[in-house]
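The following note is intended for a colleague who is meeting this structure for the first time.

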Amino acid sequence: MWTAAILALAGATLGTGTLAIADTQHGVDRVGHETAPQAQAASDLYFALSDLDSQTARRILAIGDDDLATPEGDAQATVARRVGEIDADLRRAIGGTTDPAVQTQFQTMLDKVALYHDLSATAISQDQLSQTTAKGRPNSIALSYYSRATDVMHLDLLPVAAQLRDAYAAQLHASAKHQDDAWSVDTALVLVTGLALLATLLGFQLVLSRRFRRTLNPFLVVATVATAGFLGAGLAMTAQQTDRVQNSVNQHMTPYLGIQQARAVTFDAVGAMVRYAVAPDFGYDRGYTADVAALNGAAGQPGLLHNGLTGTDAELAARAGADWTTVQADAGKLKSEVDGGDVDGALIEATGIAGGQLGQDFYALDTHLGQAADEQLNAFEAGMADARSGVSGWGAVPTAVFVAVMVLTLAGVWRRLAEFR
């Protein structure tokens, strides 16, 4: 009866231990290979779309002025790069889901990106070929096409991209929470079966020592030590990897997503002011006001910029904050120049590469935000690599340990049964 009880409890602990390790491995793989990359791709998609429209506006503004050939060429190269990134992000997202409705949604976005590209390319072509184009004042037909392209971006693409970004971020946190919940349940099951097995092994050792007057049964001693060792090491391993996943998500991936969102909104804000310089009568300055409110916060609530930079290197966060203050001052100056009819000043402010000009100061802001995002992403990837390494090779451990416990138990009682006979 004692032997049968040990064998049954060893089998039960084998099952719960295998389940606990499998759940830990699955949680690490799901966060590291599925939900986190999807959340990252969706966040990067929103960022790339925002920058695409900003660069298109900058390129249109530079047409007609030979002195702005370099900024125009830089904007054109950035547009081409963003289009490639958007296409790659969307196709990766399509391949990362099996839901037909979501795949259709991504495919629709691909079509809308193509439409945006066609409309903006037509606007640029019309402006370049027009005989009435003046420096800083695009042709009316070009403005019509550009307005339609911007509507496609802000009414059809960015809202859907924001929904996808938020949905995938929620999935990421749900998968991390699910792993934490699964670890709690698995740990309780392993402790119940493992401690019961330990108690039975110790009890059987005591019974045998009294009945057969033997101080210790070496086979049962080894089985007991193996069981205790697995409980200690196995539970410590699953706890450590679960903590690594939680910390990587909460301390690094979540800030990364926040920084990318803030970066996207800064691009949209600056793009709004450049669009305002392109077409002052279209009300693009209202979009800038909304973006500034989102970044700075209101009614005592912190904005996207503060939330995204929380947990980032303090010096880097301070530099980014100072850069954003400077960019807002530059944007105000640009608006004043546009409102006052100072076309040359507005062009220089929007595309200049000197300190104190919107283009250069925004470049500094984005550089620092990009560094902060890279730091968080690298830390996340390092944490997940540690988690994958920590759980690697544990799949066969419960089988090896508890099959050995069963064999050792049988070996330990065989000679005692012979004595009993």
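Predicted model: local features only at pLDDT ≥ 70, side-chain atom pairs only at ≥ 80, totals over all residues.

1. Helices are DSSP runs of H or I with at least four residues, numbered from the N terminus. On that basis, Gln241 belongs to helix H5, which covers residues 218-278.

2. Is Gln241 buried or exposed? Its relative accessibility is 0%, and because buried means under 20% relative accessible area, Gln241 counts as buried. The side chain of Gln241 forms a polar contact of 3.1 Å with the side chain of Gln240. When residues up to four places away in sequence are not counted, Gln241 touches Thr24, Asp386, Ala387, Gly390 and Val391.

3. The largest nonpolar core comprises 88 residues, and Leu49 and Met109 have the most contacts inside it. Helix H5 supplies the largest share of this core, namely 18 residues. As general background, nonpolar side chains in soluble globular proteins tend to be buried together.

4. Which residues does Leu49 contact, leaving aside its neighbours within four places in sequence? They are Ile86, Met109, Val113, Met153, Leu157, Leu158 and Ala161. Met109, one of these partners, is named with Leu49 as having the most contacts inside the largest core.

5. A pair of packed helices is described by the angle between the axes and the distance between them. For helix H8 (residues 314-339) and helix H10 (residues 358-391), the angle is about 150° and the axes are 9 Å apart. H8 is therefore roughly antiparallel to H10, since angles over 145 degrees count as such. The two helices cross in a left-handed sense.

6. The contact between these helices involves named residues on both sides. Among those of H8 are Leu316, Arg319, Trp324, Val327 and Leu334. Those they meet in H10 include Leu358, Phe362, Leu365, His368 and Glu375.

7. Leu295 is placed in helix H6, residues 284-296. With a relative accessible area of 2%, Leu295 is buried. Beyond residues up to four places away in sequence, Leu295 touches Ala262, Val265, Thr266, Gly303, Leu304, Leu305, His306 and Trp324. Trp324 is also one of the H8 residues that meet H10.

8. One further distance concerns Leu295. Its C-alpha atom is separated by 9.7 Å from that of Gly308, which is 13 residues apart from Leu295 along the chain.

Key
Residues numbered from 1 in each chain as written. Heavy atoms only, no water. Buried < 20%, exposed > 50% of the residue type's maximum accessible area, 1.4 Å probe, protein only. Polar contact = N/O pair within 3.5 Å; in protein donor to acceptor, adjacent residues only side chain to side chain. Contact = heavy atoms within 4.5 Å. Core = buried A, V, L, I, M, F, W, Y, C linked by side-chain atoms within 4.5 Å. Axes fitted to C-alpha atoms, helices over the stretch in contact; angles between N-to-C directions. Parallel < 35°, antiparallel > 145°, perpendicular 65-115°, else oblique. Left-handed = near helix turned anticlockwise from the far one by under 90°.
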